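Subject: A structure for you to explore

Hello,

Here is the structure I promised to pass on to you. Please open it beside this email and look along as you read.

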Amino acid sequence: MQFESFKRIVTTFADENNEVVVDKGHLLLFIRGNLVEAEIQTDLNRIKVEHDDAVWTAEQWIRSYLARLPTLADRIINYVSPPKYYVSPSANLLDWQNKPQKDCTLPDSTNELRNQLSHPPLGITSIYFLTSDAGEGKTSLIEKISVDQALAFKRKETSALILPVPLEGRPFLRLDDAVVASLLNRLRFPFLYYDSFLELVKMGAIVPAFDGFEEMLVDTKSNEAFSAIGQLVNQLSSTGTLLVATRRAYFDVLLRTQTKLLDSVRSDQNQNNVETHQFALNRWDREVFLKYASKRGICNPGDLYSKVIARLGRKDHPVLTRAVLVQRLMDVAEEEEDLDKFLRRIGHSPTDCFFDFVEGIIDREMYKWLDKSLDKSGDQVPLLTRDEHHELLSQFAFEMWVNSVDALNLDVVQLVVEFFAEKKGKNPSMLRQISIRIPDHSLLSQDEFRGVIRVRFDHEDFQEFYLGQALARALEMRDSPNAKLILDARALTPSVIKEATRYLTDQNTSISIKNLLCNLHELSQGTWYVSYIRENCAALMLELMEYSKETHSINDVSFPANALQQRKLQNLDISNSFFNMTSLANSEITNCRFYKCRFAQLALDDSEKLGGTVFDDCIFDSIAIGKDSEDQRVFFDPDKISVVLNGRGVKLGSQQEEIAGEIDVPSMDDDMKIAMQFIRMFNRATAINENVIGQRIGKQSGYFFKKILPKLQSAHLVGSTGRSGNKLRLIVPLWRIDELVDASGSIFNQFIQEASSQELGVAST
């Protein structure tokens, strides 16, 4: 370690940066009000620190004395609690096209991820995106590898700790606040400032694991979440490793916007090297299911597995493959005398599997919650009906959502129960019994925070399920104040939207889709454009439309990102509305009309079906064509956009179709295809080794290095990095490349001329 680096790192631990004194080998500074004195010696460019009658290397002294990493390891072991019966799922390591890399199947995802985080490559910042659907074990895996790594650290088998940083789906906090909150509140570790934390990440002593990043991505506007990650990456200066956990459902959006993260660190002045990886967890298979059942002490787990398949009809059913549902199934298997009855319930409707599963748990709970005050008469009356169980739990979800918390203090829970019991006419005896039982509800759990008992949902899936019900109940009762509180808090997740829609379209509800659309229109109108109400109402409108074959109209709303992806819509008229970046992948949008709408970007990949659908007098800021990121072409010119859309069978207004018939869009020449194959590699990295580039391009690699690369370098689009200059980096934003390709007519030589004439580079970015 160089002396200047040593002094910089030590300064971050001091109470006052300007009070660190280094004079003639003597170090003097105050840390948490205590004076620290040490002697510094240099030996063959190695720094040694003599302190408390012991001699340390500089790194040992920083890690053990200043940072107190052994104490942090103890805190992680004591305060982070992975599941008691943890089993490791398999995973795939995916490249930037969402396709498996060579030899990527990882049977033991837990140890493999730990190994990769503990041994990062030098000279580059590595970002691992841990992805899966909700309830498939991301949080459990992070907690498990954090504790395992801390135990290995205590055994001196590793020099790095993995620090779990839960983001918990709250409105966006600055990352420094989230890190400090995790250290101070969760781990009771008050010994690190954020600057000190950054230096430890640079040293490879700490690997932060951010859990719940997808909520920040959805909740924030203007890309604050990516700006925060980009700023962190810039501060790391081509060192350190990050783990970012996000749901698979959001990762397509993440891939599209990920270039903004990399563009934020692409510059000549800031030679940061970054690479990203997707570490995708697989759903559980039979082997994992049986291993978990055995750990739970289930007798004959193979028979249980066969019985569930026989009832549900397929081995890929969520009850067998989603960790959170398997856990609940095991809870039932341990307690339920008539398991077949429960299985008949959850196999009732394939489309409403999660609802049926929760309903089955509520039924079991309902018949366990009996009014003890009536025992003398021999009657067995449930304290709460099935719907009352649902309604009370939805009230808890409502309170958590509008107050931006994921747990309620016990006194708040009791207050909610009292209001609910009074509303339902429960007598004092029943109120007392409900208050005693509710913290032990099967779908809830308890924890303690600063000496206060709190109640939370046992999993975020259950919280989102009941938030959807809370929203649906407010809309059904036309309770606009409470509906607005939910809609305006932050962006609703797809699972919340789906449950609200399922509830509202159930045959037992009296409100029609037409009336719901009118109600949502009223709620969204007159609100500021920065409000979440407009986008949440629009998302709910589209989800409702999938349940209707009648003709409906939507006017003057703003739709969230990817609102039209994987949709089945028909007979819908949308006018004067704004669509954020959206793909039409795997959508069936038939006999619909989009009139005077604006699309930030419309992506098509040949999987969409648009029979009878018209885009009339619409504005497209850009369109993207192609299935893979490397094959995708982006168009910005309005006239070319009309030509491309018309050529793909998309019906436009008469004026746009007339323009489309007069203009020809040239195809991409061979050199441009090779160049774009290379440039698209930077969707997932800021710097790429020449050997990797050669492997990716294949047979044409020789031609690329001899003919294409020199022109890209002469136009100041690509530069060299690394000590030996064997890594290449893109020095302009990828969105600027797309604009140049469009302006050049996809002709490589013209593309180079456009870039050279505009003197691109960092100065213009």
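First, some ground rules. This is a predicted model, in which local features need pLDDT of at least 70, side-chain atom pairs count only at pLDDT 80 or more, and totals for chains, interfaces and linings use all residues. Residues are numbered from 1 along each chain as its sequence is written, and side-chain values use heavy atoms, with hydrogens and water left out.

The overall picture

The chain has 31 helices and 33 strands. Helices (H or I, at least four residues) and strands (E, at least two) are DSSP runs, numbered from the N terminus. Of its 765 residues, 54% count as buried, where buried means under 20% relative accessible area, exposed means over 50%, and partly exposed lies in between (1.4 Å probe, protein chains only). Contact means heavy atoms within 4.5 Å. Among contacts between residues at least 6 apart in sequence, 60% join residues at least 24 apart.

Strands side by side

Two strands pair if DSSP finds at least two bridges between them. Over 2 bridges, β17 pairs with β20 (residues 578–579) in the parallel sense, and Phe559 stands opposite Phe579 of β20.

Look also at β19 (residues 572–575). It pairs in the parallel sense with β16 (residues 552–555) over 4 bridges, and Leu572 in β19 is the bridge partner of His552. β19 also pairs with β23 (residues 593–595), again in the parallel sense, over 3 bridges; here Ser575 has Tyr595 as its bridge partner.

Another open sheet, with mixed pairing, has 4 strands in the order β21-β25-β28-β29. β21 (582–583) and β29 (633–635) are at the edges with a single partner strand each, so one side of each has no neighbour in the sheet. Helix α25 (residues 638–647) packs on this sheet and touches β25, β28 and β29; its direction makes about 40° with that of β28. (Axes are lines fitted to C-alpha atoms, for helices over the stretch in contact, and angles run from 0 to 180 degrees between N-to-C directions.) Parallel strands β25 (residues 602–604) and β28 (residues 623–625) are joined by 3 bridges.

A buried loop residue

Now find Glu608, in the loop between β25 and β26 (614–616). Is Glu608 buried or exposed? Its relative accessibility is 14%, so Glu608 counts as buried. Leaving aside residues up to four places away in sequence, Glu608 touches Leu584, Asn586, Ser587 and Arg648. Glu608 and Leu584 are 24 residues apart in sequence, yet 5.7 Å apart in space, C-alpha to C-alpha.

The nonpolar cores

A nonpolar core is a set of buried Ala, Val, Leu, Ile, Met, Phe, Trp, Tyr and Cys residues joined through side-chain atoms within 4.5 Å. The largest one has 115 residues, and Phe396, Phe594, Phe599 and Phe615 touch the most other members. A second, separate core of 59 residues includes Val20, Leu69, Val80 and Ala228.

Enjoy exploring!
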